[in-house]
Amino acid sequence: MQRVHRRLCIIPFSSYCEQARWCLDWCGIAYREQHVLPVMNVPAVWWAQRTSKAATARSKADRASSPYSVPVLYDNHASPAEYIADSREIMRYADARSGSAIPSLFLHPDEPPANGDFSATGELPATVDGMVDYFHDTLGPHARRVGYDGVLRNKDALAALLRETGTMPVQSAVLLALFPMFVNGMTAALKLKLPAVARSLVKIDAVFDAVAERLQQPCPDTPTPGDLPPSGRYLAGGWFSAADISFASLAMPVLMVQQEEGFGSPMVPVTAATQELQDTVARLRAHEAGQHAMWLFKHMRQRPTEA
């Protein structure tokens with residue numbers, strides 16, 4: 001069996017990491033997971049940057065991440081060496097290497113690519129690239145804030161999640177030993193204060209409403225063969241695309257998708273969240289956009305490639 005050198009550095013329960021992981025799995029790209037915990041991703045990414053043989057091994061800060069955020073996909077054995085630090089770029093990397101048997105997640109099967117403008121108003125962009133960027137910058141940070149706010153302070157639930165994940169014993173021991181410092185650090189970094197969380201809920205609702213509005217529109221093309229979501233279409237029309245993966249993945253923190261429901265890693269159970277988050281999860285799962293995301297996890301989330 002050939003050794004897999006491609007490595008994906010992730011926080012296992014991160015929505016952005018799930019976005020990259022889902023696309024790699026869907027496209028049949030073999031990789032090994034390197035698990036890190038929040039905060040501890042900083043030294044891991046710093047070391048990956050220092051030891052990478054890639055011509056460019058740096059991460060860019062943006063509206064959703066810092067220069068030391070994950071996911072990071074790297075391979076020093078490739079020619080040339082690879083280092084990709086943005087979940088959207090990892091998706092494009094996987095799509096470009098998926099082969100002709102798997103339809104592109106970014107290009108419509110019958111039409112040339114088009115550039116979509118980013119929309120800050122809540123209206124969904126028309127193109128796949130536009131939607132991927134919109135969800136990355138608008139949905140992802142706000143869903144992450146609300147999700148963390150609802151589970152972060154439950155030490156017992158976090159400890160159970162780390163035991164179930166089972167791949168980070170040293171990191172887990174350090175995090176639990178320094179749990180008050182961890183909570184304070186994450187609270188400051190993600191702005192887990194009531195006014196910010198309330199504003200994030202408003203943003204999330206606007207995104208879900210925009211997605212539902214798109215799903216209610218007539219499908220502009222003939223759907224690809226096979227089962228279809230409850231609305232009878234995908235976000236880009238009749239074909240499953242990177243926009244669907246991005247929306248479902250980045251909505252995960254406020255849907256609290258469990259591993260048995262399709263998420264790629266163990267997750268804190270809904271019952272371990274605050275009552276406020278449990279109510280939000282129930283409301284958004286009943287929303288048309290939430291039903292679309294849950295259907296995607298159940299029917300379109302491929303298992304990791306055997307390697």
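Where does Pro80 lie? In this predicted model, Pro80 is found in the loop between E3 and E4.

## Overall composition

The secondary structure of the chain amounts to 11 helices and 4 strands. Of the 307 residues in the chain, 54% are buried. Among contacts in the chain with a separation of 6 or more, 74% are accounted for by residues 24 or more positions apart.

## Backbone features in the loops

Most residues other than glycine have a negative phi, and most peptide bonds are trans. Pro71 belongs to the loop between helix H2 (41–51) and E3.

Val39 is not a glycine, yet its phi is positive, at about 80°. This residue is located in the loop between strand E2 (32–35) and H2. Met256, likewise a residue other than glycine, has a positive phi near 50°. Met256 sits in the loop between H9 and helix H10 (275–286). With a relative accessibility of 0%, Met256 counts as buried.

| Position | Feature | Value |
|---|---|---|
| Val39 | positive phi | about 80° |
| Met256 | positive phi | near 50° |

## Helices H1 and H3

How do the axes of helix H1 and helix H3 cross? The axes of H1 (residues 15–26) and H3 (residues 87–96) come within 8 Å and cross at roughly 0°. H1 is therefore roughly parallel to H3. On the H1 side, the contact is made by Tyr16, Gln19, Ala20, Cys23 and Leu24. On the H3 side, Ser87, Arg88, Ile90, Met91 and Ala94 take part. By class, the contact of H1 with H3 comprises 7 nonpolar, 2 polar and 1 charged residues.

H3 is largely enclosed by the rest of the structure, because 7 of its 10 residues are buried. The buried residues of this helix are Ser87, Arg88, Ile90, Met91, Tyr93, Ala94 and Asp95. Which elements do the buried residues of H3 pack against? They pack against strand E1 (7–10), H1, strand E3 (72–75), strand E4 (82–84), helix H4 (128–151) and H9.

## Aromatic rings

A pair of aromatic rings is described by the distance of the centres and the angle of the planes. The structure holds 10 aromatic pairs. One of them joins Trp26 and Phe240 in an edge-to-face arrangement, with 4.8 Å from centre to centre and 65° between the planes. Trp26 lies in helix H1, whereas Phe240 lies in the loop between helix H8 (194–216) and helix H9 (242–255), so the pair ties together parts that are 214 residues apart in sequence. Phe240 is buried, and its relative accessible area is 8%.

Another pair is formed by Tyr74 and Tyr83. Their rings are tilted, at 6.5 Å centre to centre and 35° between the planes. Tyr74 is buried, with a relative accessible area of 10%, and Tyr83 counts as buried at 9% relative accessibility.

Ring pairs also link Trp26, Tyr234, Phe240 and Trp295 into a cluster. A further ring, that of Phe263, has the charged end of Arg21 over it, 5.6 Å from the ring centre.

Leu175 is part of helix H6 (residues 169–177). Is this residue, Leu175, buried or exposed? Leu175 is buried, with a relative accessible area of 3%. Leaving aside residues up to four places away in sequence, Leu175 touches Leu37, Met40, Leu158 and Phe182. The C-alpha atoms of Leu175 and Ala159 are separated by 9.4 Å, and these two residues are 16 residues apart along the chain.

Terms used: Residues numbered from 1 in each chain as written. Predicted model: local features only at pLDDT ≥ 70, side-chain atom pairs only at ≥ 80, totals over all residues. Heavy atoms only, no water. Axes fitted to C-alpha atoms, helices over the stretch in contact; angles between N-to-C directions. Helix = DSSP H or I, 4+ residues; strand = E, 2+ residues; numbered from the N terminus. Parallel < 35°, antiparallel > 145°, perpendicular 65-115°, else oblique. Contact = heavy atoms within 4.5 Å. Nonpolar A, V, L, I, M, F, W, Y, C, P; charged D, E, K, R; others polar. Phe/Tyr/Trp six-rings, centres within 6.5 Å; stacked < 30°, edge-to-face > 60°. Buried < 20%, exposed > 50% of the residue type's maximum accessible area, 1.4 Å probe, protein only. Lys NZ or Arg CZ within 6 Å of the ring centre and 35° of its normal.
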